[in-house]
Amino acid sequence: MSSVATTEPILTPAKSTPIRARLQNVLPQIVLAPSFAITVVFVYGFIAWTAYLSFTNSKTFPSYALTGARAYQRLWRWTFESDPPSSWYTSITNMAIFGFLYVGICLALGLFLAILMDQKIRGEGVLRPIFLYPMALSFIVTGVAWKWFLDPGLGLEQTLHHFGWTSFHFDWIKNKDYVIYTVVIAGVWQASGFVMAMFLAGLRGIDSEIMKAAQIDGATTGQLYRRIIIPLLRPVFLSAFIVLAHMAIKSYDLVVALTSGGPGGSAWLPSNFMYEYTFKRNEMAVGSASAIIMLMTISAIIVPYLYSELKEKAR
């Protein structure tokens with residue numbers, strides 16, 4: 001018998017035409033081009049324009065004649081040579097108080113709540129949305145709600161007086177020395193649940209085998225968290241710090257809604273100073289200079305973080 005050899009045709013994928021290959025390479029760039037152009041013009045372009053105005057003598061309307069760093073010199077004098085303290089000095093002092101307390105308390109409270117939620121407690125699915133809900137509200141809504149709650153004639157003080165505790169007084173929102181702390185209270189209430197969610201995600205991402213090995217070696221619960229778990233949460237700490245610091249520096253609407261700037265502007269932050277001088281006091285150059293200082297502050301926080309992250313990825 002003779003065997004008939006049969007050969008099957010070998011199928012090769014059709015090569016893409018040069019035009020199709022080029023379109024596949026160019027199409028993502030074409031799609032991204034409009035958003036890239038908008039970002040360049042309306043973000044970086046206006047940042048450059050604001051920086052330019054800070055070196056001019058702009059008042060109500062922009063002036064394009066350069067006059068040097070006069071606006072920055074005025075802010076320098078208002079910071080170190082003004083007596084009584086200027087509104088700019090009050091703003092940066094409030095920024096230091098608000099930023100330190102807001103970031104510190106949110107990190108500590110968020111970590112504490114995340115550790116409690118990580119204990120597999122009953123009703124976790126209900127508690128998580130409750131803690132996260134304030135972050136869904138705008139700063140305006142948060143400010144108005146806490147203004148009603150802290151106002152001596154409407155909220156907590158008046159309610160306790162109705163219950164007979166007439167000696168209770170809480171007038172921080174009307175007191176120029178304590179009004180900034182009411183902004184801290186409202187800000188912490190809004191952001192701590194979000195920080196908790198970040199830490200909880202970090203805790204759930206830690207390998208359970210590491211913790212079991214530490215427990216077998218005799219590590220106590222405190223040592224487990226202090227020496228193993230919390231150090232492993234370093235990326236979460238950095239991310240939460242960046243988010244909170246950014247929110248603290250640009251906070252404007254919370255101060256306006258909660259305190260209307262406080263008695264005599266005692267609750268101003270740099271963002272409030274910038275808006276007031278740019279749009280109400282017709283000092284556009286000074287307002288632009290304060291905006292650039294705020295930008296530099298944010299950059300001083302974000303750039304080292306990005307550098308460290310890129311350096312880690314390169315390793």
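Colleague: Which residues does the "transmembrane region" annotation cover?

Modeller: According to the unreviewed UniProt entry, residues 30-52, 95-118, 130-149, 178-203, 224-249 and 284-307. UniProt positions use the numbering here, feature names are shortened, and annotations may be inferred rather than shown by experiment. Mind that this is a predicted model: local features need pLDDT of at least 70, side-chain atom pairs count only at pLDDT 80 or more, and totals for chains, interfaces and linings use all residues. Residues are numbered from 1 along each chain as its sequence is written, and side-chain values use heavy atoms, leaving out hydrogens and water.

Colleague: What does the chain look like over residues 95-118?

Modeller: That span is 96% helix and 0% strand, with its end C-alpha atoms 33 Å apart. Helices here are DSSP runs (H or I, at least four residues; strands are E, at least two), numbered from the N terminus. Residues 130-149 come out at 90% helix and 0% strand, with 19 Å between the end C-alpha atoms.

Colleague: Which residues of α5 are buried, and what puts them on one side or on several?

Modeller: F139, T142, G143, W146 and L150 are the buried ones (under 20% relative accessible area; exposed is over 50%, partly exposed in between, with a 1.4 Å probe and protein chains only). They cover an arc of only 95° around the axis, so they sit on the same side of α5; the arc is taken from the directions from the helix axis to the C-beta atoms. These buried residues pack against α7 (179-204), α10 (234-249) and α11 (253-259), contact being heavy atoms within 4.5 Å.

Colleague: Now the rings: why is the W78 and F273 pair called what it is?

Modeller: The structure holds 21 aromatic pairs (Phe, Tyr and Trp rings, the six-membered one for Trp, with centres within 6.5 Å; planes under 30 degrees apart are stacked, over 60 edge-to-face, the rest tilted). For W78 and F273 the centres are 6.2 Å apart and the planes at 75°, so it's edge-to-face. W78 in α2 (residues 70-80) and F273 in α12 (residues 270-280) are 195 residues apart, and both are buried.

Colleague: And what makes Y178 and Y181 stacked, edge-to-face or tilted?

Modeller: Their centres are 6.3 Å apart and their planes at 45°, so the pair is tilted.
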